[in-house]
Amino acid sequence: RYEVTWAQFDAFCVATGRGLRRRKAVETRAGPLSVGPDHPVMGVSEEEALGYCRWAGGRLPSEEEWEYAARGASGRKFPWPDRAEVAKPANVADESAVRAGARIQGASPLDPTKGYDDGSPGTAPVGSYPDGVSAFGLLDMAGNVSEITGSVYGSGAPVLKGGGWLNSLWGARAAARHGGSGHSGFRLAMDVTADPDDP
């Protein structure tokens, strides 16, 4: 339901003998913002994300799987219903981030975040924005950190979905795609096998 947290990633590092990664603070012009164990892991490589998924018995979702999970069967623009009036649906670059010295990435004239304040100048603990829940009950599918998928651009870079705390809300649309890593995290996907006795 959530992005992989620092606590979960730390457990993976200890179990596999990798040693703990230094928890990366969110850097802004106003100074670093600390992140807690319940914040999404950030700045991991595709190899580290794949290693975690293998260790946890899952895999990275493909871009198509990720987008379907975010948009639902009705093809929503954002994980929440398109016409829903929700006060704080996602952790994206907004007034609180700008006050902390962030520069909004991917701003668009169509972006509705002007005047929006989600209350978090950096990453937030996973599940902090329940109004942004998807039709399938998933959280943080828009904002917080961009998520690495198992799909790649032609150049070989992993496709990132969901936008992050530095992206505008427009950049966090379910259909938006980004490349590279930088501030990215990930979530775990698992294959579900059908029970032949279940009609």
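**The antiparallel sheet and its surroundings**

Tutor: Three strands form an open sheet in the order S3-S4-S5, with antiparallel pairing (two strands pair if DSSP finds at least two bridges between them). Helices (H or I, at least four residues) and strands (E, at least two) are DSSP runs, numbered from the N terminus.

The model is predicted: local features need pLDDT of at least 70 and side-chain atom pairs count only at pLDDT 80 or more, while totals for chains, interfaces and linings use all residues. Residues are numbered from 1 along each chain as its sequence is written, and side-chain values use heavy atoms, with hydrogens and water left out.

The protein chain as a whole has 4 helices and 5 strands, arranged from the N terminus as α-β-β-α-α-α-β-β-β. Of its 199 residues, 49% count as buried; buried means under 20% relative accessible area, exposed over 50%, and partly exposed in between (1.4 Å probe, protein chains only). Contacts (heavy atoms within 4.5 Å) between residues 24 or more positions apart make up 68% of those with a separation of 6 or more.

Within the sheet, S3 and S4 pair in the antiparallel sense over 3 bridges, and Ile148 stands opposite Leu160 in S4. The two strands form a hairpin with 5 residues between them, and Gly156 in the turn has a positive phi of about 100°.

Glu63 and Lys161 form one of them (3.7 Å, N to O). This pair links distant parts of the chain, Glu63 being in helix H3 and Lys161 in strand S4, 98 residues apart. Lys161 also meets Glu67 in a salt bridge (2.9 Å, N to O). Because Lys161 lies in strand S4 and Glu67 in helix H3, this pair ties together parts that are 94 residues apart in sequence. Both Glu63 and Lys161 are buried, Lys161 with a relative accessible area of 0%; Glu67 is buried as well, at 18%. A network of salt bridges links Glu63, Glu67, Arg71, Lys161 and Arg177.

A further salt bridge joins Asp191 and Arg59 (2.7 Å, N to O). Asp191 lies in the segment after S5 and Arg59 in the loop between H2 and H3, so the pair ties together parts that are 132 residues apart in sequence. Asp191 is exposed at 59% relative accessibility, whereas Arg59 is partly exposed at 27%.

Helix H2 (residues 46–55) has as its buried residues Glu46, Glu48, Ala49, Gly51, Tyr52 and Cys53. What covers them includes helix H1 (6–15), S3 and S4.

The loop between helix H4 (95–99) and strand S3 (147–152) contains Asp140, which has a positive phi of about 65° although it is not a glycine. Most residues other than glycine have a negative phi. Asp140 is buried at 5% relative accessibility, yet has no salt bridge; the nearest side chain of opposite charge, Arg187, is 5.6 Å away. Lys and Arg count as positive and Asp and Glu as negative, while His and the chain ends are not counted. Beyond residues up to four places away in sequence, Asp140 touches Tyr2, Glu3, Val126, Gly127, Ser128, Tyr129, Glu147 and Arg187. Asn144, also in the loop between H4 and S3, has a positive phi near 75° and is buried at 0% relative accessible area.

Conventions
A salt bridge is a side-chain nitrogen of Lys or Arg within 4 Å of a carboxyl oxygen of Asp or Glu.
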